[in-house]
Amino acid sequence: MSRSSLYNTFGDKRTLFLDALKLYSEQVISRTARTLKEAPSHMAGIQKLFDELTAGVGTETGAMGCFMVNSVAELVPYDPDVTGIAAAYSRGLQRLLTTTITQGALQGTVTRKQSPEQLAAYVFNALQGIRILIKSGATRKQVQAVSAITMKSLQ
């Protein structure tokens with residue numbers, strides 16, 4: 001694709017960036033929903049999210065980090081468009097986690113010591129934090145420890 005056709009399609013670099021960030025957000029939310037839905041149990045679904053991140057340890061993809069996390073770290077709160085996309089991403093993932101955690105609590109596999117919304121925010125934070133750990137060179141053992149502690153906190 002030539003530069004002129006790229007700009008004819010997207011207008012400019014900023015529009016291309018924002019469209020790419022929105023698409024990335026939609027794909028992550030969709031993949032997360034599928035992972036949680038296809039899991040044999042609520043806890044297994046959440047564990048699978050951690051396992052997928054752990055698989056990125058020591059890989060080129062893991063070293064690049066998460067497009068959303070990188071964008072948030074660099075541009076929020078200075079860029080209102082990125083802030084809005086990031087907020088929608090956060091809401092979307094936390095909504096999925098809240099639903100999964102609520103269902104787990106109703107089945108007795110997830111604690112009721114905190115609300116599902118609080119636990120979803122905690123798990124979301126752990127997932128995003130692991131992305132940063134991996135980018136900064138964490139070992140598989142370190143990532144697994146964070147995952148295990150987070151999973152234990154849900155019991």
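Helices are DSSP runs of at least four residues, numbered from the N terminus. In the predicted model, the protein chain has eight helices and zero strands, and read along the sequence it follows the pattern α-α-α-α-α-α-α-α. Val110 is placed in the loop between H6 and H7.

The C-alpha atoms of the protein chain fill a box of roughly 55 × 30 × 30 Å along the principal axes. Of the 155 residues in the chain, 35% are buried. Among contacts in the chain with a separation of 6 or more, 70% are between residues 24 or more positions apart.

Val110 counts as buried because its relative accessible area is 6%, and the cut-off for burial is under 20%. Apart from neighbours within four places in sequence, Val110 is in contact with Met43, Ile101, Gly104, Ala105, Leu119 and Leu154. The C-alpha atoms of Val110 and Thr100 are separated by 9.5 Å, the two residues being 10 residues apart along the chain.

Two packed helices are described by the angle between their axes and the distance between the axes. For helix H5 (residues 67-75) and helix H6 (residues 80-106), the angle is about 135° and the axes are 10 Å apart. H5 is therefore oblique to H6. The crossing in which H5 passes H6 is left-handed. On the H5 side, the contact involves Met68, Ser71, Val72 and Leu75, which meet Val82, Ile85, Ala86 and Tyr89 in H6. Sorted by class, the contact of H5 with H6 has seven nonpolar residues, one polar residue and no charged residues. The loop between H5 and H6 contains Pro77. The peptide bond that joins Val76 and Pro77 is cis, with omega at about 5°. Most peptide bonds are trans.

Three aromatic pairs are present in the structure. A pair of aromatic rings is described by the distance of the centres and the angle of the planes. Phe17 and Phe67 form an edge-to-face pair, at 5.7 Å centre to centre and with 80° between the planes. This pair links distant parts of the chain, since Phe17 lies in helix H2 (residues 13-38) and Phe67 in helix H5, 50 residues apart. Phe17 counts as partly exposed because its relative accessibility is 24%. Phe67 is also assigned as partly exposed, on the basis of a relative accessibility of 27%.

A further edge-to-face aromatic pair is formed by Tyr89 and Phe124, with 6.3 Å centre to centre and 65° between the planes. Because Tyr89 lies in helix H6 and Phe124 in helix H7 (residues 116-135), the pair ties together parts that are 35 residues apart in sequence. Tyr89 and Phe124 are both buried. Tyr89 is also one of the H6 residues that meet H5. Ring pairs additionally link Phe17, Tyr24 and Phe67 into a cluster.

Definitions and conventions:
Residues are numbered from 1 along each chain as its sequence is written. This is a predicted model: local features need pLDDT of at least 70, side-chain atom pairs count only at pLDDT 80 or more; totals for chains, interfaces and linings use all residues. Side-chain values use heavy atoms; hydrogens and water are left out. Axes are lines fitted to C-alpha atoms, for helices over the stretch in contact, and angles run from 0 to 180 degrees between N-to-C directions. Helices (H or I, at least four residues) and strands (E, at least two) are DSSP runs, numbered from the N terminus. Angles under 35 degrees count as roughly parallel, over 145 as roughly antiparallel, 65 to 115 as roughly perpendicular and the rest as oblique. A crossing is left-handed if the near helix is turned anticlockwise from the far one by less than a right angle, and right-handed if clockwise. Contact means heavy atoms within 4.5 Å. Ala, Val, Leu, Ile, Met, Phe, Trp, Tyr, Cys and Pro count as nonpolar, Asp, Glu, Lys and Arg as charged, and the others, Gly among them, as polar. Rings of Phe, Tyr and Trp (its six-membered ring) pair if their centres lie within 6.5 Å; planes under 30 degrees apart count as stacked, over 60 as edge-to-face and the rest as tilted. Buried means under 20% relative accessible area, exposed over 50%, partly exposed in between (1.4 Å probe, protein chains only).
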